[in-house]
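Visitor: Could you walk me through this one, please? I have not looked at it before.

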Amino acid sequence: MPAITSSSVPPSVAGVDRNLDMSAHPAAIQVNGLDFYYSEHQVLFNVSLTVPERSVTALIGPSGCGKSTFLRTLNRMNDLIEGSRCVGQILVEGQNIMDPAVDVVLLRKHVGMVFQKSTPFPKSIFDNVAYGPRVAGETNRSVLADLVESCLKKAALWDEVKDRLTKSAMALSGGQQQRLCIARTLATNPRIILMDEPASALDPASTDRIENLIGELCANYTIVIVTHNMQQASRVSHQTAFFYKGVLVETGPTMKIFTGPSEKKTEDYITGRFG
Amino acid sequence: MSTRGSGTPRVAGQQSAPVSFISGTDGSIRRRLFLSRVFSWTCRFVTYAALAVLIVLLAAIIWSSVGRLAFDFVYNPNSSNPIKAGMLAGLWGSFWLILFTALFSVPVGVGSAIYLEEIAKDSFFVRVIKTNISNLAGVPSIVYGILGYTVFRSLAAVLKVWFDGQHAFNILGLFRLRLLKLPIYEDNILVGALTLTLVVLPTVISAAQEALRSVPSSIRVASLALGATRWQTIWRQVIPAALPGISTGVILSTSRAIGEAAPLIMLGALTITTMVPGNIDSPVKLITRPLQVLHAPLDQFTAMPIEIYDWSKRPDPQDRFTAVAASGIIVLMLVLLSVNAVAMVVRHYASRRLKW
């Protein structure tokens, strides 16, 4: 007997169909048998997951279950950690990104990332958004200006900052900073956006805006989001993956995970019996 | 177990005695407050005691300088007449020394710091270097003087033989100097500056490392995640963010070289001289006499601390050189203070470009 009924799951944000049939969508990311180690300590065990194109996949699970580590393997941010090691296959757009021939700089341009703590650079709002295109070689001022405007609009921040683009990004509120970071990521024109608890440090109103933004963005981008907030996972995602102690316990359409999970462990976590 | 606190310990379910907040009603608190006051007064005393000694020293120096300190002190050359003796040669010598010390130590020091903090992977070798940089900062400067004598002065002696002989080396126009019969010395400005570079380099590296470490790593990670290369991340994010710290740290540690006398004496810097490097005795000549500017780094020199040392030990029946030495100290301190002021201004402008 499922512990939760569909009526107790909060309504989804606009643009997210939680009963989506995965098999209909082509895969943006396909992970096969991924093991991950920090030195000798194994943190991911044989993880296999398919992320459909233009959808939101939420990764949930208790602290230390490996979901953030998993997220960071998708754009090889874990390379920065000395002694980390990865075994298995990660196909992004059909290419194995663990191939030594892969250029991580190009990979990260196509697989953007938004962090838990908003990290604006100590520069102006304009320079923050223009940073990605600039490091990629764009110098034309009007191209940059158009790009900055369109990305800030996509991130629902334009109206709030259009009069102070040259002012410091540090003066923005926490929620605005996080949307700025999303705009900054969009400016590199990625196909996939990874979000590591993007709203966990924000107030409810800002969280709400970020969630609605995710609903809008998934029409054009593939999004993978790590969240501690299960209500949030149920609101914003098409599919949900539940991690526990480094193992991907269950994955499926969000509605199914939240109303009729097939694993006892998932049900216990969803209903708050542990975690 | 101490029950000296505020009365008896509380027991669950038992109403505790009414508490008084009036001062002086609790003996133990009075005792602790007394100790606290003693401690803060002790700290205050040692601070002001150090300050008092400094003020006494300054007052004594200013008092001693009476009789010589005047404007002509900075533009008169040295002299055996204490009324005429001035610091011109020392000022120019120190200027050239510090200029070349900065030119050598800033790129090497900042580059090493960037390598150690941003690029090098953590290895045994890197850890050994990091630990020993702070040890090197503690090495007495006279030791660097001996090193400079052995390495740089010997090298300069070899070059001098080459250029004074009929060898056809012609780098940096040195050949032209020889044609103009401008002498090249082995105890020259460059040798002094290279030695002073050794003295200040550990401090410069440490200061730059400290500034780089204070840049939050989230900035680096965010930059890399946006598809920037490591070089772009260092150049566009880390260095601008660390620049106020790097520039002040570097200016302050380089200015240490202004006051160094020991390694220069070791190298054989002149003590009694009226001669100015390259014969450039006014800022205007820096522009109007290019060949002399080229000659200055290869010329002999003296420096402010060396002149002060010389004046203070010079035998004079009426102790008239005491006033000269004191005046020299005041000029040296004013120079150091203005360098520190420059560091503050640079810090202000470098951080204004950042938008924290």
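Guide: A definition comes first: two strands count as paired if DSSP finds at least two bridges between them, and helices (H or I, at least four residues) and strands (E, at least two) are themselves DSSP runs, numbered from the N terminus. This is a predicted model, in which local features need pLDDT of at least 70 and side-chain atom pairs count only at pLDDT 80 or more, while totals for chains, interfaces and linings use all residues. Residues are numbered from 1 along each chain as its sequence is written, and chains are lettered from A and ligands numbered from 1 in the order in which they are written.

Visitor: Ok, how do β1 and β2 of chain A pair, then?

Guide: Strand β1 (residues 27–38) and strand β2 (residues 41–52) of chain A are antiparallel and share 8 bridges. They form a hairpin with 2 residues between them, and A:S39 in that turn has a positive phi of about 50°. Within this pairing, A:Y37 stands opposite A:Q42 in β2(A), and A:Q30 stands opposite A:T50 in β2(A).

Visitor: What does β1(A) join through another 8 bridges?

Guide: That is strand β4 (residues 84–92) of chain A, which runs antiparallel to β1(A). Here A:Q30 stands opposite A:L91 in β4(A).

Visitor: And what's the order of strands in the sheet?

Guide: It is an open sheet of 4 strands in chain A, ordered β2-β1-β4-β5, with antiparallel pairing. The strands β2 and β5 (95–96) of chain A stand at the edges with a single partner strand each, so one side of each is left without a neighbour in the sheet.

Visitor: Switching to helices: is α3 of chain A enclosed or open?

Guide: Of the 11 residues of α3(A), 9 are buried, so this helix is largely enclosed by the rest of the structure. A residue is called buried if 20 or more other C-beta atoms lie within 10 Å of its own, exposed if 12 or fewer, and partly exposed in between, with C-beta atoms placed from the backbone. The buried residues include A:I125, A:D127, A:Y131 and A:V135.

Visitor: What covers them?

Guide: The cover includes α4, α5 (158–161) and α6 of chain A, together with α9 (230–255) of chain B. After α3(A) comes A:G137, whose phi is positive, near 110°.

Visitor: How do α3(A) and α4(A) cross?

Guide: The axes of α3(A) and helix α4 (residues 141–154) of chain A come within 9 Å and cross at roughly 110°, where axes are lines fitted to C-alpha atoms, for helices over the stretch in contact, and angles run from 0 to 180 degrees between N-to-C directions. The two helices are therefore roughly perpendicular to each other; angles under 35 degrees count as roughly parallel, over 145 as roughly antiparallel, 65 to 115 as roughly perpendicular and the rest as oblique. Among the residues in this contact are A:F126 and A:V129 of α3(A) and A:L144 and A:L147 of α4(A), two residues being in contact if their C-beta atoms, placed from the backbone, lie within 7 Å. The contact divides into 9 nonpolar, no polar and no charged residues, counting Ala, Val, Leu, Ile, Met, Phe, Trp, Tyr, Cys and Pro as nonpolar, Asp, Glu, Lys and Arg as charged, and the others, Gly among them, as polar.

Visitor: And at what angle do α6(A) and α7(A) pack?

Guide: α6(A) and helix α7 (residues 204–217) of chain A pack at an angle of about 20°, with their axes 9 Å apart, and they are therefore roughly parallel to each other. The residues that meet include A:Q178 and A:I182 in α6(A) and A:R209 and A:L213 in α7(A). The residues of this contact divide into 3 nonpolar, 4 polar and 2 charged.

Visitor: Now chain B: how many helices and strands?

Guide: Chain B has 14 helices and 0 strands, and buried residues make up 35% of its 356 residues. Helix α3 (residues 88–119) and helix α7 (residues 189–213) of chain B pack at about 35°, with axes 6 Å apart.

Visitor: Last one, how many residues does each chain bring to the contact?

Guide: Chain A gives 26 residues and chain B gives 19 residues. On the side of chain A that touches chain B, α2 (104–110), β6 (111–114), α3 (125–135) and α6 (174–186) of chain A each supply at least two residues. The residues on that side divide into 12 nonpolar, 8 polar and 6 charged.
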